[in-house]
Amino acid sequence: MFRARRLLLRLAARPPLPPPRARGYADPAAGPVPMAFTFASPTQVFYNGANVKQVDVPTLTGSFGILASHVPTLQVLKPGVVTVYAEDGTATKYFVSSGSVTVHADSTVQVLAEEAVTMDMLDLAAAKSNLEKAVSEMAAASDEAAKAEAQIKVEANEALVKALE
Amino acid sequence: MFARGAVVALYQPQWGQVRNMATLKDITRRLKSIKNIQKITKSMKMVSAAKYARAERELKPARVYGTGALALYEKAEIKAPEDKKKHLLIGVSSDRGLCGAIHTSIAKTLKNEITNLSNAGKEVMVVGVGDKIRGLLQRTHGNYLLLTFKEVGRRPPSFGDASVIASELLNSGYEFDEGSVIYNRFRSVISYKTDEKPIFSLETVAGSESLSIYDDIDADVLRNYQEFTLANILYYSLKESTTSEQSARMTAMDNASKNASEMIDKLTLTFNRTRQAVITKELIEIISGAAALD
């Protein structure tokens, strides 16, 4: 009986475990961390921790696209279009006035816009007339503060017109 | 037998202290005034309920926005170095009362924080959003008040309000190193909690070591970012605060209406008893008058 037991044990112990899989240099990294994308304005939430493929943002230092595992950064938005590419490739555009964008090390991205609207809420004719008004305001502005305000209006309206054309 | 002297206690009938049984007119007057009060508190409750519904609806996106804005401070674990002296407290409340313990809880937290920080040797200044905070802190901690804001609570807060507060604070000239916003966080219709969220100055954030992992940041961008984040945090705390305040006012007015109805019931019973007593007295007088003639 003991012999049978020993035999059984040996049989049971027989198949050796495969060696732990060591990562070779040619193997890819542990797997991309999906991007948790949050895009909101004070009154509306567009994406909250959503999984999207890519986001293009207009910042003061230039436009750039953010994919998963982007290097962490803090940026400030300038008036322009934010394009969100979903997992299936469809692109949705939003116009933002200003705000901030934060990319963290764990691949979470927060785009906080002071005002953000979908493109269908904007009217090209109104944008053009606003731009003309803003340019004339800037020409007529007397002191520094008024000039700066008019400048901001001009930039925003220019971006609007450019986005709609 | 009694010792002569003024030490003997004499029972003096007390004038004016004895309450006669209230006349019907007194009770009627009281009843009318309490009924009016009940109508007022009921209508205040309705108004608060409507404002609360709107505030709660607007709170949902504001919460996502606020947590997004605070994410940097949490993930980067920014902490001010211990030797920094200047502290700032922002207490967020409103102008109007009759909302339960909303204002007093903020004021209490502020006073405790002031005491703790002063004992630790730090310099503290307080910004009060809402007239009630000013009223509660003026007398005892008046010299700590840096700025106060009025006309809060009349209309629902917007991002513009938050940015006005942020810009006034940044222009005030008080170079704080770190601070916190003290507000009432909304938990449910019947409960809220006084909560604290940290804010840091530009120098603290720029000097923080965990900021080095963030790529490509120059001073201008960081300053812009910081100012925007400050406005965001203030906006979030304003939204939470309004929702808590409206729900607390709803509860307070509801309780007041219930108390008023209780008083009305009791008074109505007293009124009926008194009325019957008056009738009985008249009957007795008539009957005893008639009996005396026999």
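Buried means under 20% relative accessible area, exposed means over 50%, and partly exposed lies in between. The legends below apply these words to a predicted model.

View 1. Asp26(B) has a relative accessible area of 33%, so Asp26(B) is partly exposed, whereas Arg29(B), at 53%, counts as exposed.

**View 2. Lys45(B) and Asp254(B) meet in a salt bridge through their side chains.** The N to O distance is 3.3 Å, and the pair links distant parts of the chain, with Lys45(B) in helix α1 and Asp254(B) in helix α6 of chain B, 209 residues apart. Lys45(B) is partly exposed at a relative accessible area of 24%, and Asp254(B) is likewise partly exposed at 23%. Both residues belong to a network of salt bridges that also includes Lys258(B).

**View 3. A salt bridge between Asp106(A) and Lys75(B) crosses between chains.** Here the closest N and O atoms are 3.2 Å apart, and the pair runs from the loop between β7 and β8 of chain A, where Asp106(A) is found, to helix α1 (residues 24–75) of chain B, which holds Lys75(B). Asp106(A) is partly exposed, with a relative accessible area of 40%, and Lys75(B) is partly exposed at 39%. Over all chains, the structure holds 16 salt bridges.

**View 4. Ser107(A) has a positive phi although it is not a glycine.** The phi of Ser107(A) is about 65 degrees, and the residue is found in the loop between β7 (99–103) and β8 (108–113) of chain A. With 5% relative accessibility, Ser107(A) counts as buried.

**View 5. Glu151(B), a residue other than glycine, also has a positive phi.** The value for Glu151(B) is near 55 degrees, and its place is the loop between β3 (145–149) and α4 (159–171) of chain B. Glu151(B) is partly exposed, with a relative accessible area of 48%.

**View 6. Ser247(B) is a buried residue in helix α6 of chain B.** The relative accessible area of Ser247(B) is 1%, and, when residues up to four places away in sequence are not counted, Ser247(B) touches Tyr52(B), Phe186(B), Ser188(B) and Val189(B).

**View 7. Ile279(B), Leu283(B), Ile286(B) and Ile287(B) form a nonpolar patch on the surface.** Together these residues have about 400 Å² of accessible area. One of them, Ile287(B), is found in helix α6 (residues 219–293) of chain B and counts as exposed at 55% relative accessibility.

Notes: Residues numbered from 1 in each chain as written. Chains lettered and ligands numbered in written order. Predicted model: local features only at pLDDT ≥ 70, side-chain atom pairs only at ≥ 80, totals over all residues. Heavy atoms only, no water. Patch = residues over 30% accessible without salt bridge, like charges linked within 9 Å, V, L, I, M, F, W, Y side chains within 5 Å. Areas by Shrake-Rupley, 256 points an atom, 1.4 Å probe, with all protein chains shown as cover. Salt bridge = Lys/Arg side-chain N within 4 Å of Asp/Glu carboxyl O. Helix = DSSP H or I, 4+ residues; strand = E, 2+ residues; numbered from the N terminus. Buried < 20%, exposed > 50% of the residue type's maximum accessible area, 1.4 Å probe, protein only. Contact = heavy atoms within 4.5 Å.
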